[in-house]
Each structure stands twice: as structure tokens, then as C-alpha cells.
Amino acid sequence: MATRPRAKPVRILVVGTGSMAAAHVRAYQAMPGVTVVAGVDTRPDVLKAFQTDHAIPHGFATVQDAIAWGGFDAVSNVTPDSVHKTTTLPLLAAGKHVLCEKPLATSHADAAEMADAAARAGVVNMVNLTYRNVPALQAAQALVAAGTIGPVRHFEASYLQSWLTQPAWGDWKTEPRWLWRLSTAHGSNGVLGDVGVHILDYATFVIGAMPARFTSRLATFDKAPGGRIDEYTLDANDSFVMETELTNGALGTISATRFASGHLNDLRLRVYGDTGGLEVLFEGGKSLLRGCIGPDMPTATWRKLPTPPVPTTYRRFVDAIRGTATPDPTFARGAALQAVLDAATLGAGADLPA
Ligand SMILES: NC(=O)c1ccc[n+]([C@@H]2O[C@H](COP(=O)([O-])OP(=O)(O)OC[C@H]3O[C@@H](n4cnc5c(N)ncnc54)[C@H](O)[C@@H]3O)[C@@H](O)[C@H]2O)c1
């Protein structure tokens with residue numbers, strides 16, 4: 001009987017060992033042949049707790065120290081948005097594969113520099129757009145690409161969070177991991193940069209086209225006396241709305257907010273074509289795809305559609321390193337999304353005459 005060849009071992013370094021790092025580690029530690037060998041964090045107490053919690057043998061204060069040590073093949077970069085570029089570039093130069101958290105950077109110029117550096121290095125590079133892991137998203141993309149709902153004419157996409165109106169994820173008024181997300185000086189582009197990137201990817205991946213032109217508005221609401229808490233000026237946007245025409249002519253809206261009371265973390269996409277409509281939902285942590293297609297259209301009958309399981313971005317990253325999968329979404333995709341986010345920031349706030 002033939003024995004299956006053992007998968008190539010992959011040694012992972014996690015850079016930035018805060019809240020989201022645990023999800024990366026848990027995913028890798030469940031994969032045969034993959035070992036998380038080390039962490040890097042500028043906060044020694046956070047690094048130590050991370051190493052203890054996940055039984056990780058090595059820890060470093062800087063990326064440069066980890067590169068000098070060298071005992072790893074690939075990296076999950078889970079640092080705050082503002083340091084993705086400065087931490088990733090030396091790792092690419094050292095020939096390491098990188099899965100970087102979203103958004104790839106805080107400006108298109110930085111994201112493009114990272115994409116160019118990754119292409120030059122010839123390493124596997126991916127952005128952790130986690131909602132690519134939602135089965136309904138992948139099934140919907142396949143249906144649209146196959147022409148099942150015909151040319152897409154109209155869509156609505158929204159990302160609904162409420163961590164500024166209720167405490168389910170902790171107290172944003174006292175916890176730095178929430179406060180940095182509210183402050184541009186701490187590298188945040190607000191809800192637009194934080195989860196706007198997810199819903200922009202969600203909609204444009206399914207429809208298969210990017211915004212060609214749009215208008216957008218951002219809002220920052222009063223949340224604390226004087227708009228400050230400690231060293232954090234609460235000036236980053238809390239809500240955004242974009243109306244856009246895509247390169248395929250489809251017209252639609254994309255929005256995100258941290259004030260969607262009643263929703264912890266829900267993504268909704270409704271896509272309408274000439275021969276059918278789809279609802280691509282990720283609500284309450286559950287993936288659901290509904291369609292009203294062809295003969296069901298005159299009676300407006302919506303049916304639940306099959307959504308086969310999909311590999312996670314972590315799995316696809318490891319498979320790409322092993323040469324058994326194509327990396328996607330890449331840094332180049334991250335840079336293309338960042339170009340839209342930059343333009344959405346600039347396009348915000350125009351007032352019409354009264
Ligand atoms: N894909 C998703 O669904 C998802 C979900 C949550 C967060 N994120 C992203 O993950 C990233 C981290 O978010 P988080 O919530 O874990 O933040 P966090 O603040 O909890 O953790 C970030 C960690 O990085 C460390 N750090 C800062 N600068 C560093 C540097 N130069 N070198 C090494 N370590 C450094 C900090 O000390 C901190 O421990 C962000 O980019 C965020 O947008 C993605």
C-alpha cells in the first residue's frame with residue numbers, strides 16, 4: 001500500500017502577539033507539519049503571556065532580532081495597521097513568506113510598496129481578509145462567475161458592528177486595543193480602514209468588478225468629553241457610506257459602522273442580476289446563501305443554496321508555501337483595495353447646497 005508523503009514542515013513566526021494573534025496560532029497549531037516557533041512583540045508582558053498560553057518556545061522584541069535568529073520560514077503579521085509596512089518589508093527582504101493582517105497598509109502608496117517588494121522577493125504573500133473563509137461568499141462568487149444571475153446591475157453591501165454602543169467585546173473607553181482604532185494619530189483610518197476593507201473585498205470579490213467611480217461620506221460621532229480619552233484623540237471615522245458604479249456597470253452602496261446597535265459583527269450583501277438575486281449573509285457567526293433565480297423570480301421565492309466548506313486563509317497560506325494552492329488574496333489585491341479606501345477618504349464630506 002502506498003504511504004502518503006509527509007507534508008513539508010512549515011515554521012511560523014507571529015509578529016504582534018495581541019488579540020488577533022491567538023486566532024492565527026490556533027489555526028496553525030491544528031495543521032499537521034506546521035509549528036508556531038516564535039513571537040515578536042514590543043510589549044514584553046504581552047509576548048510572555050502569548051508564549052505561555054500557546055507553548056511557543058522563542059520570543060523577540062523586534063523583527064530584526066527574529067531575522068537575525070532566522071529559525072522560521074513564514075510569518076503572520078498581526079501588528080496594528082500603522083506598522084504593517086515597516087515590520088513586513090525586512091521580512092520580505094529576508095525571503096520570508098508573509099500573511100499580513102488587513103488592511104495591508106494605511107495608504108495606497110505604502111500598500112503598493114509592500115506589493116512590489118513581495119513580488120521582487122518572489123515569496124508567498126497574502127492578506128488576511130478573513131471573510132474569504134465564509135462558505136456563502138465563495139459559493140456566491142462561483143454562481144456570479146458562472147453567469148447564474150446574469151449581468152449584475154445593482155447591489156447593497158453593509159458591515160454592521162456595535163462595539164461603541166455595547167460592551168460585548170470589552171470596554172472601548174478603557175482598553176488600548178479599541179482606543180487605537182479610534183485615533184488617526186495611532187494609525188487608524190477608522191471603520192473605513194478597519195472593516196471597510198472587508199466589506200469592499202466581500203462585495204467586489206463576489207461581483208468580480210472594482211469601483212470605477214463613487215461618492216462617499218464618513219462620520220465621526222461625539223463619544224467622550226472633548227473628543228479625547230487619555231492620549232487618544234477620538235478623530236477616526238465611525239461610519240461610512242459609499243455609493244459606487246463598478247467597472248462592469250453595476251450600481252450599489254457599500255457601508256460600515258460601529259454604531260449598528262443590535263448587530264455584533266454582521267456582513268450582508270445583496271446582489272441583483274437580470275436572471276436572479278443572491279443574499280450573501282454572515283450573521284451571528286453563521287454563513288448563509290439565499291437565492292431567487294430564474295423560474296422563482298415571478299413569485300419572488302427565495303431558497304437556501306448549498307455552501308460547501310472552504311479552506312481558511314491560514315490553510316491557503318500554508319498550502320501556497322507548500323506549492324499546492326494559489327495564494328489569494330495577495331498583497332496586490334490588498335493594494336488595489338487600499339487605493340479605493342484612500343479615494344473614499346478623500347471623497348468624503350462634500351456638502352450639497354441647501
Ligand atoms: N482579519 C480579521 O478579521 C481581523 C480581526 C481583528 C484584527 N485584525 C487586524 O489584526 C491586526 C492586529 O489587531 P489586534 O486587534 O490583534 O491589535 P492588538 O493591539 O491587540 O495587537 C497588536 C500587537 O502588536 C504589537 N506591536 C505593535 N507594534 C509592534 C512592532 N513594531 N513589532 C511587533 N509587535 C508590535 C502590540 O504591542 C500588540 O501586542 C490589525 O491590523 C487589525 O486590523 C484583523
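This is a predicted model: local features need pLDDT of at least 70, side-chain atom pairs count only at pLDDT 80 or more; totals for chains, interfaces and linings use all residues.
Residues are numbered from 1 along each chain as its sequence is written, and side-chain values use heavy atoms, with hydrogens and water left out.

Where they touch, 8 residues of domain 1 contact 9 of domain 2 (heavy atoms within 4.5 Å). About 680 Å² is buried between the domains, 53% of it from carbon and sulfur atoms; this is the accessible area (1.4 Å probe) that two parts lose on being put together, summed over both. On the domain 1 side, D81, K102 and T106 supply 54% of the buried area, more than any other three residues.

The domain interface holds 1 salt bridge, meaning a side-chain nitrogen of Lys or Arg within 4 Å of a carboxyl oxygen of Asp or Glu. The whole structure has 19. K102 pairs with D194 at 2.9 Å between the closest N and O atoms.

Elsewhere, R132 and D201 meet in a salt bridge at 2.7 Å, N to O. R132 sits in the loop between β6 (125-128) and α6 (135-145) and D201 in helix α8 (residues 190-207), so the pair ties together parts 69 residues apart in sequence; helices (H or I, at least four residues) and strands (E, at least two) are DSSP runs, numbered from the N terminus.
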